[in-house]
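Visitor: Could you take me through the salt bridges of this model, with the criteria behind each term?

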Amino acid sequence: MEQQTLVELLQSCQVPNTERLKATTAELRKNYYPHPQTLLWLLHILTSHEDPKIRQQAAVEANRLVAKHWAAQPADQKPAIRQKLLETVLTEPQSLVRHSSARVIAGIAKIDFEDGEWADLPGLLAQASTSNKVAHREAGVYILFSLLEVAADAFEDKIANLFTLFATTIKDQESAEVRTNTMLCLSRVAMLIRPEEDPVNLARFVEIFPSMVAVLKSAIDAEDEDRITQAFEVFQLLLGLENALINTHFKDLLTFMIDIAANTDIADDSRNQALSFLMQTASFRKMKIQGTPNMGETLTLKSMQIATEIEDEEDEDDEVNPHRSALGLLDLLAASLPPRQVIVPLLKALPSYVNHESPKYRQAGILSLGMCVEGAPDFIGTQLDSLIPVVLKLLNDPVVGVRHAALNSVARLADDLSEDLGKHHAELVPSLLRNLDSATVGASNESEQRKNLEILKAGCAALESVTEGLEKEVMSAYLPELVPRLGRLLTHPDLTARASAAGAMGSIAGSAEKEFLPYFETTMKALSEYVMIKDSQDELDLRATACDAMGAMASAVGPEAFQPYVQPLMQASEEGLHLDHPRLRETSYILWSTLAKVYGEEFTPFLPGVVKGLLESLEQEESDLDVELGEEAKDLLGQEVIIAGKKVKVVSANDEVEDVDGMEEGDDDEDWDDLGGVSAVAFEKEIAVEVLGDVLSHARKNFVPYFGETIETVMGLVEHHYEGVRKTAVATLWRAYACLWALMEDHTGQKWTPGLPPSSQPSEEVLKLGEVVATATLSLWGDEVDRAVVTDINRNVAATLKLCGPSILTQGKFAEQTISILASIITKSHPCQQDMGDEGEEELLDEAESSEYDWLVIDTALDVVLGLSAALGSQFAEAWKIFQKPVMKYASSQTNFERSTAIGVIAECTANMGNGVTQFTASLLKLLLHRLTDEDMETKSNAAYATGLLVYHSTDSATYLPAFKEILGKLEPLLHTQIARTLDNASGCVCRMIMAHQDQVPVDDILPVLVDLLPLKEDYEENKPIYECIAGLYEHQNATIIGLTPKLVPVFASVLDEPSEQLDPETRSRIVAVIKFIHGKSASLIQDNKVLRGCL
């Protein structure tokens, strides 16, 4: 072992020969790396060799050995080594070698500082950083950055000195590298600042911040791509640190970024990075954007402007460009900010876009609308009537590109507003068909042919989404027009067009249900040709879509008609698992889910294969990868980056071969494909675990043999790195609990009753699973930062409490923790509701208006509150003391849907608490009286419902009786509205008041008005108090009600007829008793009616 041989080995590392590299690495590992002397030789090579590639290699290898061997170097030689290293780096002409050498110095210094040595290094670096020589300044600042990366704590008492130094270096007139390296240093200094404890250094950072922005600006002006990227990365990093660091300049920074993004004179890459920064800001600092005056509107309008840069001949798979990024930003803004800040300005600007003479503006306008619907469906739903004429106009635009954009946006609108959009089917469907027909005519050139194909696919996608929201009766009328057209497209020369047609056909069948039967055999025959194809990616895509469509048809036509296709489809789907096509695997799982729903317990013969396939999917390995990048990525060495949603560690191209998992020369493309596949595995697991929940829910008792293994596997996914898997894993555990509970109730015949302790002891299996589910849920629920995960947990807990009652609340501290977590969500202090660095700003959050997506977390938490009230009954009064104040605060919100939701919660909790609500009568009555005259009709309607329940259940008549006259006065206009649900709730309220205190209500005056409103058209739940009130009056032979009998007889006939859910069994039996009473008094009234005659 000698130094010259080491040099030769380093030279071997430069040769692009895999076998030679493996042999060299083995030699270094075996004979050199274990010895301290090797580090000394490497440092000597680094400081003396004439070949920069060898110096670079020596620096990389030395950096790897510093931690292991520096302490073993002779103490008397260390000062000379340090000095030589520093001198060499300061004069190193090659940037890459300089940076790698700087990391060696930083690694040594980290050890030295801990041992109280090399104390003069910071001073030496400060001198170098202010030297007259540019090279010294560039090296000095970069070594400081390297030191701050690995030994930042050594500078905690030197922050003031660093700011003094950086205030000079960030304005270096000669070197962009010095300015950029200073920015990198400041990003690390920012991580050391604790704003509340260190206001002085916070002020210094705030003062220097504009100079950091200037560095980015000058890099953009110089079109220096590397420095532009480094500067943007610094600002991205700052988004994840304390709010106070950028608060002062937040508005100016965002304005600067959107101005860069909108400037067409700037390179697209820089504009994309500015838009990426704004997307990150919308994700992680949404509350700050919301609190910055006019910022949401500015970002929205400028994004719409950028979207006008769309190109006619653009490939859907083109790389990222500014107009696509701008549309992506709009999507995020709509989901992150209240509609007032995004949707309102967008809708205000929309006419000027859709009526613009330039087709690019018309495209941008309709695409912008389509991108925003997912984030604010409720608000856009309220505007749909005025938007439909715009959509129809653009669907019939003379320019193909505009029609294509309109079709895409219709699909997006229908995805989130299917029922609302479905009401406009008479205008929409013919427009969609005209677009399909226009695209099937012959094309005169290749460009026209490509445009026709895009229209075909977009038209099918729009039909697929729109038809999903149509009622069976409506859908069946369109079948003769739609099915033949799409049937012809199933043999289109282009496979992607066939796939689009298959998707639309599946949706049409799903909506038409058994009305699709006349077309079923023909369509299945056409689709069956594709269930086994596998010779290309497009064929596998088509196979997957055909599989999906057939599943929809199974749901439509039912088990008997579909039976001949089950076995071959199941075989095809199991084969599809082994064709290395992620989407085909997912559609196979979804098919299993569909068939389990269609066949229920008859699906049992397939369970062994299905469960095996799903569990194998869930048990796939997802180990983190080391990714080998080229020389240009050296600055990322050892860091973790996110690629395809996966954390990946970057290693040197010359790192130990064994660390690279067989990444060999020539395999780069496949290796990156595999990396994308890692993320695909996580997506696949999300589908698989959800399907597992579907299968166990529908197979019921036949799934019991697989319960143990399923629960064990799913439990292992609860803390998965991908939020989609976490969400579906917890959901499947809750579904398993509900399934086992239902099986137990079927076996015992006992139903749960509200209150603790439970009225009957659950089985040992249910208790054990309950413990598992509660433990898994609490491991996530309180600390989860993803809103969608928390929202889904809320939904599952709420549904289970309503279905299975209070037993789950007996698990450990589940009840206590549930109440605590719900309180944090309702008061907007849960981690998933916080911006990064929000600590201490809860008051700002509490007062802020919610985006629809943010409100969904609160809305579902309120649903858990309802679940608790249902499970606990009158005992819920203790928990209501915690929830009452925040719920009543929402009931006084400036936002309509918050008020109406909160009043609805009060109503349901009152119903579930029964007389437990008595102690809250005064405070609730005051609020409800106010809301009975609310400007929002939904809130008024809910207030009527809640008021009736409060009067009916509370025993504090001394408080509410004096308000009876006022209540009736406020209900009177509601009884004359044309809105069915409001009429229903107002009628129900009056009847509950009569049942509670008949003597306090002018029954003779009000009954004729009530009877004229019957039967109820929408809210059948209110039939119970209405008809129980009427039955009670008949039982007491009230003269007014008996006088109204001729009017009531057809009403009784209506509610006793279909749909049967109009009356619950108890109320139905009381009305039947009334019918018999009337028959006894006046038989002719009953005998003439077939329905009523049947009751006798």
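Guide: Let us begin with E745, which at 8% relative accessibility counts as buried, where buried means under 20% relative accessible area, exposed over 50%, and partly exposed in between (1.4 Å probe, protein chains only). This is a predicted model, in which local features need pLDDT of at least 70 and side-chain atom pairs count only at pLDDT 80 or more, whereas totals for chains, interfaces and linings use all residues. Residues are numbered from 1 along each chain as its sequence is written, and side-chain values use heavy atoms, with hydrogens and water left out.

Visitor: With which residue does the side chain of E745 meet in a salt bridge?

Guide: A salt bridge here is a side-chain nitrogen of Lys or Arg within 4 Å of a carboxyl oxygen of Asp or Glu. The N to O distance for this pair is 3.4 Å, and the partner counts as exposed at 58% relative accessibility. The residue that E745 meets is K751.

Visitor: How many residues apart in sequence are the parts that D259 and K302 tie together?

Guide: Their side chains form a salt bridge at 2.5 Å, N to O. D259 lies in helix 14 (residues 250-262) and K302 in helix 17 (residues 295-307), helices being DSSP runs of H or I with at least four residues, numbered from the N terminus. The pair therefore ties together parts whose separation in sequence is 43 residues.

Methods:
Helix = DSSP H or I, 4+ residues; strand = E, 2+ residues; numbered from the N terminus.
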